[in-house]
Amino acid sequence: MQHPVSAQLRMTAANYADRIGFAQLTRQAFEGVDLHPLRDQLVARIAAGTALAGEGLDLSLITQLLGDKDQGLAIQSEVLAFHQLFRTPSVAPKPGLRVLALAADIDMGGNTPIDFLLEGSDIELLTLYVVKGVGLPKDLPEHDVAIVVASDSEECREALASIERVAPRWPRPLLNRPDRIGNLDRDKLHRLLAGVPGLDIPATIHATRAQLSELSRGQIACRDIAGELRFPMIARPRGSHAGVGLAKLDDAAAIAAYLAERDEQDFFVARFVDYSSADGLYRKYRLAMVDGKPYACHMAIADRWDIWYLNAYMAFSEEKRAEEAIFMRDFDRAFAARHGNALDEMSRRVGLDYFIVDCAENQSNELLVFEADNTAVVHNMDSPDVFPYKPPQMRKIFAAFSAMLSRHAGAGEGSAT
């Protein structure tokens, strides 16, 4: 039940339900484990009326991992209607720290996958789902530090608003505060980072279908939509993720062809930046910003501008992996040193304790920022035989994340940071 704004937040013994959790189930799917038997077992327990709430939430995730997102979300909503608090136990017999993650009722990619960041640690994870129409409970579960893991998406706005209303009176340190998560919005981030020396971030501009249609017919010019817009440009449907609908449009005819294939009414457009290196290849980096410090997550190398790690086929190129290994090994004294001032200022302006940055270097050697979010998966699932340099780097990130939580938890009981 939602409590009045004036109510004092209290902490009580946690009434949680245990679950397998995101990291373990995703790892099994990644490694090719057949999740159908476990799904069928959980479905049978639900049919018999013997399933626990945590098993219901695991079934939701398994269903999504097996490709049925809508059914998985339907199961999740049913479970969260009667239970919102779940525990992912630590590997330690006695946890060294209790972390409360504040999540939204959204698909499996909509909250920070914090389970991965805590793998192998002595930290016990409690996840409290802030459900629409329910909000936060009057009594919070006992915890040492809390972190908001809901994303900046439209579906999370109500959950973030619920947390924000009581954030000033949170009884423990609260990280990734909800009012700052909105800084990661595509159309807000470029304004926030404008003018940072050594940093290039193209303006992300909202354009309607009607505007793009007029542009394709020559009835308006690029500058009529935004001063810095020009051909070639990048377009994507507003609200899309993972490259859905992403395209490079070289001229008016390309816009017409693009619109003919899409039904959406609202788009984001931005000027295209050619960030190819001297050898003609594109290099895209993912960084984790933890407590204000950058860490290398991966480096993708491809002959195409629209790179994701999977379509760069790094596993099939020993030469590419050798370069990525050097990138990680020398990161602090090379990449991070070159862009230290820009990264520091970006971290300061965004104001989050933890977030992810996808970036590159433009042809003027500036830090080219594509996007930032708090929900990208940072994991240690890649084969150590193929990527021997990755496990130590991932453990470094995980250790930094745990140290951040511990530092804030020890900063003073009853204070919010």
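Predicted model: local features only at pLDDT ≥ 70, side-chain atom pairs only at ≥ 80, totals over all residues.

**Entry 1**

I looked up D291 first: at 33% relative accessibility, D291 counts as partly exposed (buried is under 20% relative accessible area, exposed is over 50%, partly exposed is in between, with a 1.4 Å probe and protein chains only). D291 sits in the loop between β14 (282-290) and β15 (293-302). I took helices (H or I, at least four residues) and strands (E, at least two) as DSSP runs, numbered from the N terminus. D291 is not a glycine, yet it has a positive phi of about 55 degrees.

Residues are numbered from 1 along each chain as its sequence is written, and side-chain values use heavy atoms, with hydrogens and water left out.

I then turned to N365, which also is not a glycine and has a positive phi, of about 65 degrees. N365 is in the loop between β16 and β17. Is N365 buried or exposed? N365 is exposed, with a relative accessible area of 60%.

**Entry 2: S216 and A252**

Next I checked S216, found in helix α9 (residues 209-216). S216 counts as buried, at 18% relative accessibility. Which residues does S216 touch, not counting residues up to four places away in sequence? I found A252, I255 and A256, where contact means heavy atoms within 4.5 Å.

From there I followed A252, which lies in helix α11 (residues 252-260). A252 counts as partly exposed, at 24% relative accessibility. Leaving aside neighbours within four places in sequence, A252 is in contact with L215, S216 and F231. L215 and A252 are 37 residues apart along the chain, and I get 6.5 Å between their C-alpha atoms.

F231 had something else to show: the peptide bond from F231 to P232 is cis, with omega near -10 degrees. P232 is placed in the loop between α10 (222-225) and β11 (233-237).

I also stopped at E261, in the loop between α11 and β13 (266-271). E261 counts as exposed, at 68% relative accessibility.

**Entry 3: cavities**

How many cavities of 30 Å³ or more are there? I count 2. For the rule, I worked on a 1 Å grid over the protein atoms alone: a cavity is a set of points where a 1.4 Å probe fits but cannot get out, and lining residues have an atom within 4 Å of a point. Grid points are joined across faces, edges and corners, and a volume is the space filled by probe spheres set on the points.

The largest cavity holds about 250 Å³ of space. It is lined by 21 residues, and R19, F22, M108, N111 and Y129 are the closest to its centre. Elements giving two or more residues to this lining are α3 (53-65), α5 (114-117) and β5 (123-130). α3 has the largest share, 5 residues. By class, I get 10 nonpolar, 7 polar and 4 charged residues in the lining of the largest cavity. Here Ala, Val, Leu, Ile, Met, Phe, Trp, Tyr, Cys and Pro count as nonpolar, Asp, Glu, Lys and Arg as charged, and the others, Gly among them, as polar.

The second largest cavity has about 30 Å³ of space. Its lining is R286, I356, V357, D358, E371, A372, D373 and A376. β16 (354-361) and β17 (367-373) are the elements that give two or more residues to it. This lining splits into 4 nonpolar, no polar and 4 charged residues.

**Entry 4: stepping back**

I finished with the whole chain, which has 15 helices and 17 strands. Its radius of gyration is 22 Å, close to the 22 Å that the globule rule gives for 417 residues, so the chain is as compact as a globular protein of that length. That radius is taken over C-alpha atoms, and the rule is 2.2 Å times the number of residues to the power 0.38. Along the principal axes, the C-alpha atoms fill a box of roughly 60 × 45 × 45 Å.

Of the 417 residues, 54% count as buried. Among contacts between residues at least 6 apart in sequence, 72% join residues at least 24 apart.

Key
1 Å grid on protein atoms, 1.4 Å probe; cavity = no way out; pocket = protein on both sides within 12 Å on 5 of 7 lines; lining within 4 Å.
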